[in-house]
Amino acid sequence: MAQGSPTGTGRPEKMGVDSSRWSRVRELAQDAANSGISRLAIAVAGCGTTLDPVFVQNERGALPARPLDDDSIFLVASLTKPIVAMAALLLVERGRLTLNDRVSDLLPLKDSSKKSLTLRHLLTHTSGLPDMLPGNRELRMARSPFEAFYEGTLQAAMDFPPGRGVQYQSMGFVLLDRIIADAAGVPTARFIQEEIFEPCGMNASILGAPDGWFDGGSPQLERIVPVQVPPEQVGGDEWNWNSRYWRQFGAAWGGLLSTPADLARFCLMMLSRGSVGGRKLFSPATIAAATTNQLGAFPDVPEADRRCRGWGLGWRMQWPAHAASFGDLLSPATYGHWGATGTVFWIDPQLDLATVILTDTPLDRSTRWIMRLSNAIAAARLESAR
């Protein structure tokens with residue numbers, strides 16, 4: 001097992017985690033790494049502190065040129081979305097935006113089917129927009145800039161009228177990116193860096209790697225953990241998850257580069273109801289709104305979605321009886337997000353526990369191991385910590 005140097009501030013007992021059960025988490029993580037997930041990292045936060053991250057990699061093959069450690073950077077895919085959503089809510093706090101603002105009042109939407117589209121729809125996946133554009137692969141193969149995805153989304157056909165259903169829609173975050181940038185007066189990536197990452201001490205996180213990472217042998221490039229690309233991306237070295245193009249793109253729907261410890265700091269801020277380092281980064285009211293099921297506001301959304309497959313504002317709620325549940329032992333108050341590159345973070349306010357699990361393996365091959373790890377981590381929580 002490859003373990004990074006200490007970065008957390010808490011021992012398992014201090015956090016209310018049973019040491020023997022935490023050892024089982026480590027063993028299970030190594031089992032996962034030896035069963036196809038060649039590299040995996042876990043970070044846990046709670047009780048106002050974080051545990052030192054756990055790093056494991058396949059012991060049966062040759063070690064990579066750079067073993068995992070505290071400096072390892074992962075492409076976390078859709079874990080990006082809740083962070084971008086929180087940036088939008090920061091602008092709501094400041095009176096720059098409201099959730100019921102019509103997108104057509106903020107962006108040049110000319111399609112009448114999008115007239116009733118609001119920020120609330122974008123943040124709750126009730127917009128009716130497609131997840132990806134029909135030409136997504138071609139756009140990436142051509143290494144198209146953000147503007148091409150933005151224009152494509154403005155013109156994209158709606159799958160249903162806003163508020164009439166729930167459909168995961170990455171393209172809603174294309175529009176959200178432009179809305180945030182216009183309201184903040186700076187690019188979305190810069191706004192997030194200055195207003196969220198820096199206050200949270202997320203010094204290794206970035207939405208879009210700069211040119212300097214790729215020119216002149218910068219050490220940051222070596223720190224990025226390559227992803228096992230899915231079949232549809234094989235041969236796409238110029239545009240797939242591991243390409244310079246995608247690492248620099250900084251997609252608001254899935255381009256964040258971060259470390260386990262950085263994401264644990266973000267989760268700890270959420271657990272602390274918006275507080276970090278004695279500073280109120282977000283209002284507790286904002287945290288509550290973001291992490292509460294918001295689908296009740298839409299009377300035309302199917303009842304099964306409202307009751308069993310809820311969405312907060314950018315955050316997915318716990319879906320206990322669904323294949324994408326965060327874990328079997330978590331409370332109904334749990335919220336979080338999955339990422340296609342084999343990543344997840346979840347936050348359980350009732351357990352006062354948050355977990356970040358990052359892998360190098362797409363979700364179709366890593367989900368079952370991630371859920372088993374989530375269960376083991378929840379089971380390690382002592383009753384006295386509740």
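**Close-up 1. The largest pocket has a volume of about 700 Å³.** This is a predicted model, where local features need pLDDT of at least 70, side-chain atom pairs count only at pLDDT 80 or more, and totals for chains, interfaces and linings use all residues. Residues are numbered from 1 along each chain as its sequence is written, and side-chain values use heavy atoms, with hydrogens and water left out. How do you find empty space? Rolling a probe the size of a water molecule over the atoms shows where it is left. Here, on a 1 Å grid over the protein atoms alone, a pocket is an open set of points where a 1.4 Å probe fits, with protein on both sides within 12 Å along at least five of seven lines, and lining residues have an atom within 4 Å of a point. Grid points are joined across faces, edges and corners, and the volume is the space filled by probe spheres set on them. Of the 36 lining residues, Ser78, Asp131, Met132, Tyr168 and Ala340 are the closest to the centre of the largest pocket. Helix α4 (136–141), strand β10 (335–339) and helix α13 each supply at least two residues of this lining; helices (H or I, at least four residues) and strands (E, at least two) are DSSP runs, numbered from the N terminus. The lining splits into 18 nonpolar, nine polar and nine charged residues. In this count, Ala, Val, Leu, Ile, Met, Phe, Trp, Tyr, Cys and Pro are nonpolar, Asp, Glu, Lys and Arg are charged, and the others, Gly among them, are polar.

**Close-up 2. The second largest pocket holds about 200 Å³ of space.** Of its 15 lining residues, Asp177, Pro187, Ala189, Phe249 and Gly250 sit closest to the centre. Two or more lining residues come from each of α6 (171–184), α7 (188–200) and α9 (244–249). Which of the elements gives the most to this lining? That's α6, with three residues.

**Close-up 3. Strand β10 makes a hairpin with β11, with three residues between them.** Glycine 342 in the turn has a positive phi of about 85°. Five bridges join β10 to β11 (residues 343–348), and the two run antiparallel; strands count as paired if DSSP finds at least two bridges between them. Strand β9 (residues 316–317) also runs antiparallel to β10, joined to it by two bridges. Take glycine 336 in β10: arginine 316 is a bridge partner, and so is tryptophan 346 in β11. Five of the five residues of β10 are buried (under 20% relative accessible area, with a 1.4 Å probe and protein chains only), so β10 is largely enclosed by the rest of the structure. Tyr335, His337 and Gly339 point one way from β10, while Gly336 and Trp338 point the other way.

**Close-up 4. Serine 374 sits in helix α13 (residues 363–379).** Is serine 374 buried or exposed? Serine 374 is buried, with a relative accessible area of 1%. Leaving aside neighbours within four places in sequence, serine 374 is in contact (heavy atoms within 4.5 Å) with Phe326, Gly327, Trp346 and Ile357. A polar atom of the serine 374 side chain lies 3.3 Å from the backbone oxygen of phenylalanine 326.

**Close-up 5. Three strands form an open antiparallel sheet in the order β4-β6-β5.** β4 (74–75) and β5 (206–207) are at the edges with a single partner strand each, so one side of each has no neighbour in the sheet. Two bridges pair β4 with β6 (residues 256–258), and leucine 75 has leucine 257 as its bridge partner.

Technical notes: Buried means under 20% relative accessible area, exposed over 50%, partly exposed in between (1.4 Å probe, protein chains only). A polar contact is a pair of N or O atoms within 3.5 Å; within protein, one must be able to donate a hydrogen and the other to accept it, and residues adjacent in sequence count only if both atoms are side-chain atoms.
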